[in-house]
Amino acid sequence: MDMPVTDAGALLARLLAIADDAVIVVDDAHNVVIFNEGAERVFGCQASDAIGAPLARWIPAAQRARHDEHVRHFAMSPRAAKRMGE
């Protein structure tokens with residue numbers, strides 16, 4: 001890191017940005033609001049092109065109905081996050 005970070009939120013944002021794993025966060029409408037460097041590598045897309053796009057863009061058409069069903073079930077659960085594929 002170039003400079004010390006004392007704000008926990010800023011530190012978390014920087015850690016997410018450089019994580020090797022793809023981290024994608026969506027809003028209530030399932031549009032991408034965070035797309036880190038790991039996601040750029042995995043999906044071959046720049047964050048600037050991903051932010052605001054629907055998550056469905058990265059779900060193969062043949063899997064979208066199944067994914068939508070998982071999303072409906074997740075929305076009814078008390079969990080705040082989940083790994084892709086769980």
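The structure is a predicted model. Its largest nonpolar core has eight residues, and Ala-50 and Val-32 are among them.

**The nonpolar core**
- The largest nonpolar core consists of Val-32, Phe-35, Ala-39, Cys-45, Ala-47, Ala-50, Ala-53 and Trp-58.
- At least two residues of this core come from strand E2 (32–35), and at least two come from helix H3 (47–50).

**Val-32**

**Ala-50**
- Ala-50 is part of helix H3.
- Ala-50 has a relative accessible area of 0% and is therefore buried, the cut-off for burial being under 20%.
- When residues up to four places away in sequence are not counted, Ala-50 touches Val-32, Phe-35, Cys-45, Arg-57 and Trp-58.
- Between Ala-50 and Asn-31 there are 8.9 Å in space, C-alpha to C-alpha, while the two are 19 residues apart in sequence.

**His-67**
- Helix H4, which spans residues 64–75, contains His-67.
- His-67 counts as buried because its relative accessible area is 18%, and the cut-off is under 20%.
- With neighbours within four places in sequence left aside, His-67 is in contact with Leu-55 and Ile-59.

Terms used: Residues are numbered from 1 along each chain as its sequence is written. This is a predicted model: local features need pLDDT of at least 70, side-chain atom pairs count only at pLDDT 80 or more; totals for chains, interfaces and linings use all residues. Side-chain values use heavy atoms; hydrogens and water are left out. Helices (H or I, at least four residues) and strands (E, at least two) are DSSP runs, numbered from the N terminus. Buried means under 20% relative accessible area, exposed over 50%, partly exposed in between (1.4 Å probe, protein chains only). Contact means heavy atoms within 4.5 Å. A nonpolar core is a set of buried Ala, Val, Leu, Ile, Met, Phe, Trp, Tyr and Cys residues joined through side-chain atoms within 4.5 Å.
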